[in-house]
Every structure is written in C-alpha cells, then in structure tokens.
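Biologist: Please show me the model. Then I will ask how you know what you say about it.

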Amino acid sequence: MQILSRLLSRRSPATVEAAAPVLPDVVIAEPFHAFIHRLNAITVPGDLRAIRGGRPLRAIVMDETGAQVRVGEIAQSAPGIDRIAFPEFPDGTGPAFWLFVVEASGVEASGDADPAPLVPALRALAAGLGPRPLLAVGCEGPRLDRAQLSFAMISDEPPAATLPPLDQPALDQPALDQPVVDGDTLTPEQRQWREEGVAILKGFLSDDLLDPYIARREQVARPGGWRSPTPYMHVEELRRICLHPPLMRVLNSLVGEEMLLHLNLTGWVSTERDWHQDEYLSPPFVNSWYAAVWIALDRIHPDAGPFEYIPGSHRWPLLRGARVRQFMTDEERRRAAVTDSGYDAWPSVTQSYVAPIVEAEIARRGVEKRAFLAEKGDVLVWHGRLMHRGSPARQPGLERRSLIAHYTGVNHRPDMPDRRFEGGGHYAVFHTPLL
Ligand SMILES: O=C(O)CCC(=O)C(=O)O
Ligand SMILES: [Fe+2]
C-alpha cells in the first residue's frame with residue numbers, strides 16, 4: 001500500500017491530538033514488521049517529500065515496547081520509493097515497530113538528536129490509533145557473520161492473534177473475530193493437525209481419480225515433471241485431484257477458511273529440498289493460513305527419498321527469508337541472482353547453512369524425524385509452518401511417484417486476485433505456459 005494513502009491528516013484530528021502536547025506535528029504513524037535480525041533502514045512506497053509543501057520531514061522509528069527509538073533521515077531511493085535510514089537496532093529486537101513521520105522542526109536537526117523524551121507521547125498516539133494493518137516495508141540491515149548462527153537468529157514468532165483457529169494456543173480463547181472452537185468435538189484430522197502439524201488420510205483417493213492423471217503425467221519425460229509451477233491451469237486430470245471436494249473439505253476444516261490452490265510439484269523423484277517451512281517462502285501476511293498436500297501415486301520406497309517431517313514443528317518459530325538472506329556471502333548472492341529461470345534462487349542457495357542449523361535445532365530439542373511411507377491414494381496434509389524436506393534418495397533415481405499441491409486461505413493472498421472455482425475449490429489463475 002502507498003504510504004501517502006495513510007496520512008494522518010486524512011483522519012479525524014481528535015485521534016491525533018489526544019497524545020499531542022510534546023509531539024511535533026505527526027504526519028504518518030504506522031506499525032510495520034521487520035523480519036530481519038538487525039535493522040538499519042526501511043523502504044516504503046510513496047514520495048513523502050511531496051507532502052507538506054516541501055517543509056522538511058523526519059522519521060522516528062520505535063520498537064513496539066518503546067524501549068528503543070531512533071531518528072531517521074528520509075531520502076528518495078528510486079522514483080516513488082523512499083528510504084528511511086537510522087542508527088541500527090541491535091540483535092534480537094522483536095519484529096514489531098512503529099514508523100512516525102514528523103515535521104523536522106519538532107525534532108532536532110540531526111540523527112544524533114535524542115528522541116527518547118518523545119516515547120511516552122508516541123506510545124500514547126500509537127495506542128490511540130488502535131490495531132492497524134501493517135505497513136508493507138522493505139527492510140535492510142548489515143551483512144552478518146555466520147559464525148554464531150542459530151535457529152533463533154533466522155526465525156521469529158508470528159503473533160498468535162494473526163493465526164488460524166486451530167493454531168491458537170488455547171482453543172477456548174480465540175483471537176479477536178474468530179469463532180470459538182470446541183476442543184471436544186475436533187475431528188481426528190483436526191486433532192492430529194493441532195498436535196503434529198499434519199493430517200494423514202490413509203487410502204483417501206481412489207484409483208479412478210488418480211489413474212487418468214498418472215497416464216497423462218507418464219507422457220512427460222522429465223523426472224521432475226513439469227517445470228511450470230501451475231500445471232493445474234492446463235491439466236484437467238490434475239485439477240480434478242487437487243480440487244476434489246472431500247479433500248477441499250478436509251483442508252478447509254484444518255485451516256479454517258476456503259483454500260486457494262496456487263502451486264504444484266509434479267516430480268516423480270525427491271526434490272531433495274532440505275529442511276524448511278513453506279511459509280517462509282510466502283508473503284508475511286499468509287500467517288499460517290496455508291496447507292500443502294502430498295499425494296502418493298504409488299507405494300513409496302524408503303530408499304526413494306520420502307517426504308520427511310518433524311511432528312509438532314508447526315509450533316516452532318518461523319524461518320524468515322530476510323533474516324536468512326542477511327547471512328549470505330557476496331558469492332552466494334551472485335549465484336542466487338543468476339539462474340536459468342530468472343528467479344532469485346536464495347532459498348536453495350542458503351540451504352547449505354539453513355539445513356545444518358535446523359539439524360542442530362532438531363538435536364537440541366531431541367525431537368524425531370518421521371518419513372511418510374505411503375501407499376497409493378494416501379494423502380499427507382501439512383501445515384505451512386511444519387519443518388519438512390524431500391529427503392535425499394538412498395538409491396538415486398529410484399522413482400517416488402507423488403503429486404504435491406499447495407494452498408493458501410482465500411482471504412490471505414490478496415496479491416492473487418484472479419481466481420476460479422471448480423470441483424470443490426478455488427484456484428489462482430496464472431497465464432504461464434505448460435513447460
Ligand atoms: O520432495 C518433497 O517431498 C518435498 C517437497 C516440498 O518441500 C514442498 O512441496 O514444499
Ligand atoms: Fe516445502
């Protein structure tokens with residue numbers, strides 16, 4: 001969202017004035033999340049200097065508790081993008097911050113001005129504005145040394161109030177505007193989902209549904225299947241499986257809203273993608289309103305690199321891409337940027353240090369790894385925050401016939417507005433060729 005559409009002056013002056021006595025004139029007051037380990041600049045869409053008739057503005061950035069506050073300089077970094085730079089917030093600062101943009105005359109002229117005396121009034125102003133949607137910002141921080149790296153440094157805890165009903169710490173205390181879930185009437189799938197972050201549906205899909213797709217997929221020579229991330233747009237036999245009404249009913253009951261299909265993996269060998277949580281590849285507003293399914297099209301051989309997961313890891317903190325990227329070397333950044341597909345390949349390039357950190361976390365917690373050794377027609381549904389991997393095949397090249405589909409709650413992908421409904425569910429429309 002354009003920052004200028006959030007100008008405080010467009011709102012009732014009373015809300016702003018309530019906290020005003022010692023504050024300079026506040027133009028913008030917005031919360032944002034910084035999913036990085038140390039923060040020293042943000043970028044925001046908009047042109048702040050275009051407002052207030054050229055009178056100079058300054059930024060004040062404060063963490064949620066008011067314990068840390070910084071004065072920032074605002075400069076245009078690209079057309080329509082402002083960059084706000086400030087003295088660094090140190091290690092371990094939580095994800096939530098407030099950005100205030102104020103008349104510069106009210107704050108001393110340089111970055112070394114001490115904004116601490118303003119904190120009580122800024123906090124009162126923020127509290128008076130009430131809960132607000134987060135401002136989408138780009139976050140920047142220094143390159144960090146990976147010698148001391150731990151899971152805590154590349155993850156953080158999403159706020160519980162943003163999570164789906166079954167992810168609430170106590171079911172009888174739902175987040176605002178969510179229905180109460182009766183813990184005594186959960187289905188077996190819902191119970192397993194809540195406890196383990198998966199729901200296993202044995203013998204769920206019939207050969208009648210799977211075989212036409214298998215026949216179609218057999219025509220593709222690549223072991224990895226289609227390269228296109230959305231073959232469901234073209235392959236009706238695949239769509240019929242992924243939007244199968246009983247499957248969609250289970251997904252909806254686990255996540256708590258209608259689900260939107262937006263990704264497939266159609267390989268018949270393990271992806272060998274090492275430990276990760278899918279949600280860290282999604283925009284931050286997804287907040288666990290996410291599920292993926294692993295459909296066995298055959299008996300899965302233990303040496304073929306089965307899907308592996310850590311039961312209960314959907315309650316671990318969430319890996320954050322921006323935090324992970326802070327630890328990349330220059331050489332890794334170059335490698336990530338130069339790929340055949342044109343996508344930034346940071347998730348696979350950073351695997352070399354993320355996977356050992358996850359292994360260390362598994363060992364530290366003393367938790368088990370489990371493999372999904374499935375029969376044809378079995379389905380494993382997994383949580384967006386479940387730690388999982390496509391394990392390395394002990395017998396390279398051995399087939400592991402599966403179909404994978406990923407879904408997000410329909411209200412949690414506003415950036416995928418073009419949808420269709422078919423069978424039992426929605427799918428996001430993309431106009432990419434089937435390759
Ligand atoms: O190869 C696998 O089973 C893992 C796939 C995976 O990580 C995913 O689809 O998100
Ligand atoms: Fe994954």
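Modeller: The centres of domain 1 and domain 2 are 38 Å apart, taken over C-alpha atoms. This is a predicted model: local features need pLDDT of at least 70, side-chain atom pairs count only at pLDDT 80 or more, and totals for chains, interfaces and linings use all residues. Residues are numbered from 1 along each chain as its sequence is written, while chains are lettered from A and ligands numbered from 1 in the order in which they are written.

Biologist: Where do the bounds of domain 1 and domain 2 lie?

Modeller: Domain 1 is 3-142 and domain 2 is 186-428. Such bounds come from an automatic or database domain assignment.

Biologist: Which residues of helix H4 are called buried?

Modeller: Buried means 20 or more other C-beta atoms within 10 Å of a residue's own; exposed means 12 or fewer; partly exposed is in between; C-beta atoms are placed from the backbone. In H4 (residues 207-217), Leu210, Tyr213 and Arg217 count as buried. Helices are DSSP runs (H or I) of at least four residues, numbered from the N terminus.

Biologist: Why do you say that they line one face of H4?

Modeller: Their directions from the helix axis to the C-beta atoms define the arc. The buried residues fall within 70 degrees, so they line one face. Asp207, Asp208 and Ala215 are exposed on the face turned away.

Definitions and conventions:
Helix = DSSP H or I, 4+ residues; strand = E, 2+ residues; numbered from the N terminus.
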